[in-house]
Structures are given as C-alpha cells and as structure tokens.
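Let's take a walk through a protein model, one chain at a time. Have the picture open and follow along as we go.

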Amino acid sequence: METGDNRIPTREEMYKALEDRMGSELQQKFLKASVAICGLGGLGSNIAISLARAGVGHLHLIDFDAVDITNLNRQQYNADQIGMEKTKALSENLKKIAPYCEVKANHIKLTRENIPDNLSDVDIICEAFDQAEQKAMLVNTVIEVFPEKYILSGSGMAGMQSANSIKTRRAIGKLYICGDEVTDVDDGIGLVAPRVMTCASHMAHMALRIIAGECEP
Amino acid sequence: MVKINGEMKDFAGKNIAQMLSAMEYNDSRVAVEVNLEIVPKAEYDARILKDDDSVEVVRFVGGG
C-alpha cells in the first residue's frame, strides 16, 4: 500500500483547490461567510463537515453534549472519541478536513436568555437540535431577536421512509424548513445515517445557496 | 374566516392558543406567523384572529 504524503497543504494551496473547482467568486463568498450550527448530532455534525469542505470560512459550533456510543450510527465522530465533548471532538475532526476553517466551539446549552449573546456573530443559523421543543424555542427566539438572520431548521428525518420525501421549503420570512415535517423520532422509529444525512445535506446546501445569493429553496 | 396553512377555517374571534388547541397542535412545538409576522409564544393567548388573517403554523418534529 502506498503511504500518503502527510504534509498538510498550505492555506494558499487549499484556497486554490477550492477556487479551481468553484471559481474565485464563490470561493470568496464562502470564505467570508459565518454559519452557526446549533446541535452537533446527526444533522449538525454532517452540516459542519459539508460546509467546512465547501470552504465556508467561519463555523460556530454549539452543543452541550458528549459523544455517546449510540451516536456512532449516524454522527460524524470516531469510536475513540466516545465521552469527549462534541464541540471538541468535531473541532478536532474538522481540523483534519479543513485546517484553515476558523472554528469557534461553545460547550453550552442554548436558552431563550443566552441566544442573543451567542448568535450575534453569524449570518446564517442552522437549527440541528434533537427535540421538537428545543427546535421551536430556537427558531422562535431567532426570528424574534434576529429577524435579519437566515435560520434553517431540520424537521422530520426519522425512520426508514423514502429519502425522496425530504425537502427544503421557505416557511416564514427567512426561515427554511428541511425534512419531511412528519416523521418523529419520538414515535420510536429510530434514525439512520443516510436519511439524516439527506436532511443535513439539504440544510448545508441551502446555507451555501444563501451565501451564493440564491435564496429560493 | 381565517386562512390557516392555505385552508379557510372558522377561527375569527378566537385567540391563537385556542386555534392551536382546536387543530391539535402542541404549542411548544410550533412557530406561528400571522400576516407575515412571527407571533411570540407569550402572545398566543392575547392575539385574537380576525377575518382575512393569513396564518402559517410550522410544526416541528423530533430527531436530529
């Protein structure tokens, strides 16, 4: 087996590679963008990796949980990261994928009270929580406090139904909903990687489209 | 009549909390917009729906 060249590419080499793929205009837009990812489970960890690979310059990761063995079926953590704070584990993994992405990690639980202080520095917010009540709390608070910001919410990606039922729609103002809006993990139907990743991809792609100036779903 | 998620319903004179309950929504799992403006949850009891209001209810389900 050939061994890889272990040298990490320089910042210039990484940017050049992205520019060659997408053109300098998009590369510059992505590089300047800042996106918050609230919740680092199956949705959030996959969104973060997609956005970092695309060259988004600033990611703000927020989660209060630690990696658990039951997360490994769909979340972007490794078996040797069980027990680590998700913010720390994902920062570590992102560093290997996109070493020049500026990652800010906050190990906190977002509440109505602390949202204004913690989400003021980003253009786009991804709601990637697990519980429906928390999703509603974050979305409602962001729309009230930061009406100028885009918020993308993942709702409905549990179970084994078709991946084709997962969609993106613009719901209210700058709120986009990604998912089937029906399947609920509380119904005991579980979550599998491809369907959750389909929803995460819808969210990450919508974020990139907004950054590129395309606001339609 | 009030338009709720595109359908005409007889909720004029009712408040948002009553409408949500009648339509079997859990008020901690929704976002509600009336005439393109979000209504804070604290105002669900006070906000009375009027004829020709256009309401969007976004319902969140668990999983992530």
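Predicted model: local features only at pLDDT ≥ 70, side-chain atom pairs only at ≥ 80, totals over all residues.

| Property | Chain A | Chain B |
|---|---|---|
| Box filled by the C-alpha atoms | roughly 50 × 40 × 35 Å | roughly 40 × 25 × 20 Å |
| Buried residues | 50% of 217 residues | 44% of 64 residues |
| Accessible surface | about 10200 Å² | about 3300 Å² |
| Carbon and sulfur share of that surface | 52% | 43% |

How does the radius of gyration of chain A agree with that of a compact globule? A compact globule with 217 residues would have a value near 17 Å, and chain A has 17 Å, so the two agree. Chain B passes the same kind of check, because a compact globule of 64 residues would come out near 11 Å and chain B has 11 Å.

Take the contacts in chain A between residues at least 6 apart in sequence: 67% of them join residues at least 24 apart. For chain B, 54% of the contacts with a separation of 6 or more are between residues 24 or more positions apart.

**Chain B: who pairs with whom**

Look for strand β5 (residues 54–59) of chain B. Strand β1 (residues 2–4) of chain B runs parallel to β5(B), joined by 2 bridges, and Ile4(B) stands opposite Val55(B). Strand β3 (residues 30–34) of chain B also pairs with β5(B), but in the antiparallel sense and over 5 bridges. In that pairing, Glu33(B) stands opposite Glu56(B).

**Chain A: a sheet with helices on it**

Chain A has 7 helices and 7 strands. Its 7 strands make an open, mixed sheet in the order β3-β2-β1-β4-β5-β7-β6. At the edges you'll find β3 (102–106) and β6 (167–172) of chain A, each pairing on one side only. Neighbouring strands are turned by 20° against each other on average, direction ignored.

Zoom in on strand β1 (residues 34–38) of chain A. Its parallel partner β4 (residues 124–127) of chain A is linked to it over 4 bridges, with Ile37(A) opposite Cys126(A). Helix α3 (residues 42–54) of chain A lies across β1, β2, β4 and β5 of the chain, at about 160° to β1(A). Helix α4 (residues 86–97) of chain A packs on the sheet as well, touching β2 and β3 of chain A, and its direction makes about 155° with that of β2(A).

**What's inside**

The largest nonpolar core holds 44 residues, and Ile37(A) is one of those touching the most other members, a group that also includes Val35(A), Leu43(A) and Leu152(A). Which element gives the largest share of this core? That's α7(A), with 10 residues. Other contributors of at least two residues include β1, α3 and β7 of chain A.

Back to Ile37(A): among the residues it touches are Ile47(A), Leu51(A), Leu59(A) and Ile62(A). Ile62(A) also turns up in a second, separate core of 26 residues, which includes Val142(A), Ala31(B) and Phe60(B).

Key: Residues numbered from 1 in each chain as written. Chains lettered and ligands numbered in written order. Heavy atoms only, no water. Pairing = 2+ DSSP bridges. Axes fitted to C-alpha atoms, helices over the stretch in contact; angles between N-to-C directions. Contact = heavy atoms within 4.5 Å. Core = buried A, V, L, I, M, F, W, Y, C linked by side-chain atoms within 4.5 Å. Buried < 20%, exposed > 50% of the residue type's maximum accessible area, 1.4 Å probe, protein only. Rg over C-alpha atoms; globule rule 2.2 N^0.38 Å. Areas by Shrake-Rupley, 256 points an atom, 1.4 Å probe, with all protein chains shown as cover. Lists of a residue's contacts leave out its neighbours within four places in sequence.
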